[in-house]
Amino acid sequence: MQQLTLTRPDDWHLHLRDSALMQSVLPDTARQFARAIVMPNLRPPVASVEQAQAYRTRILAALPSGSKFEPLMTLYLTDNTSAQEIRRAKQSGMVHAVKLYPAGATTNSDAGVTDIRKAYPALEEMQRCGMPLLVHGEVTDPAVDMFDREAVFIERMMIPLLRDLPQLRVVFEHITTREAVQFVTDMPGNIAATITAHHLLYNRNALFSGGLRPHYFCLPVLKREAHREALGKAAGSGNPKFFLGTDSAPHAQHTKETACGCAGIYTAHAAIELYTEAFELLGALDKLEGFASFYGADFYGLPRNTDKIALRKESWQAPDSLSFGEHRLVPLRAGEFISWKICS
Ligand code: NCD
Ligand code: ZN
Ligand code: ZN
């Protein structure tokens, strides 16, 4: 296949940052996607409806003129999030989900939940009003091996949580293991998952090929090949529980190329092209549209998009770096080739 037309996709997991940094990255997403679920891990986190409203206004103001991109806002769950805040979020109509970061699990997560029981009043209200919980699914216990933290999270957190709140709508974000694929597949329809392009395209060897590669470091960290294959099977299966979430997470070049580098991979510059490449390698191009454009909207109870984008099989070279406020940012595939290109 040399040409592909898709209903315009949405990104169900995105980091836009703020201010000048956001101004640099937002056009990349707005060019391809109709909507995106915007992560709340700013400093300070987006923890109230007022903060979400203000952040949304800043995003809309930063959009290129004429853009119809719609940011879908989220709240950052803390030990103190009240049931009342959840009701207000639901009533606002612009907050579409609440994000659970175990405290210390990832970038800007120190305000996250220290003890899930403290968040139960909020979670019970979410179950009642149908507000999805988005989960960064890794335990933070330093005794657990870095590569096992997602699988252990299922046993220690997900299973007990869903035993207590069986109707809660949950998106297991950026899954990376066959254990997570199996878990989501086996659960009822209120449990879904997002999958990134980088976890479909790379295994953990990418982190060490010829030397230490900070631009392949994200959380949850890339896993071994058998896990990548399990993710590909899930994404390419046509199972509506699995849908697109880039987790595009921009960090300035100097904060990644350093002794203790930040976690996060930037893919927004070529997101749908990278997914198309991954689905072609899977022999599942016919399943891309459901994954990228339908299943996420269906899960969130939002209308599917109606306009189209077109891609052509054409090799192009990704830039070595992009501007990021006053800094530079090194995107995935920097200086290397990508085999599909958006043509309209
Ligand atoms: C994300 C970021 O930089 O905000 N980083 C990452 O490695 N994925 C945070 C996250 O999604 O966990
Ligand atoms: Zn995360
Ligand atoms: Zn993320």
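Trainee: Which hand does the crossing of α5 and α6 have, left or right?
Mentor: The crossing of α5 and α6 is right-handed, meaning that the near helix is turned clockwise from the far one by less than a right angle. This is a predicted model, where local features need pLDDT of at least 70 and side-chain atom pairs count only at pLDDT 80 or more, while totals for chains, interfaces and linings use all residues. Residues are numbered from 1 along each chain as written, chains are lettered from A and ligands numbered from 1 in written order, and side-chain values use heavy atoms, without hydrogens and water.
Trainee: And what angle do they pack at?
Mentor: Helix α5, residues 149-164, and helix α6, residues 178-186, pack at about 20 degrees with axes 9 Å apart, and they are therefore roughly parallel to each other (angles under 35 degrees). Helices are DSSP runs of H or I with at least four residues, and strands are E runs of at least two.
Trainee: Which residues meet there?
Mentor: From α5, E150, A151, I154, M158, I159 and L162 meet E179, A180 and F183 of α6, with contact meaning heavy atoms within 4.5 Å.
Trainee: Switching to the metal, what are the protein donors of the zinc ion (ligand 3)?
Mentor: They are H13 (NE2), H15 (NE2) and D247 (OD), lying 2.0 Å from the zinc ion (ligand 3), where donors are N, O and S atoms within 2.8 Å of the metal (3.2 Å for Na, K and Ca). Their spacing along the chain is H-x1-H-x231-D.
Trainee: How far apart are the zinc ion (ligand 3) and the zinc ion (ligand 2)?
Mentor: These two zinc ions are 3.7 Å apart.

Key
Axes fitted to C-alpha atoms, helices over the stretch in contact; angles between N-to-C directions. Parallel < 35°, antiparallel > 145°, perpendicular 65-115°, else oblique.
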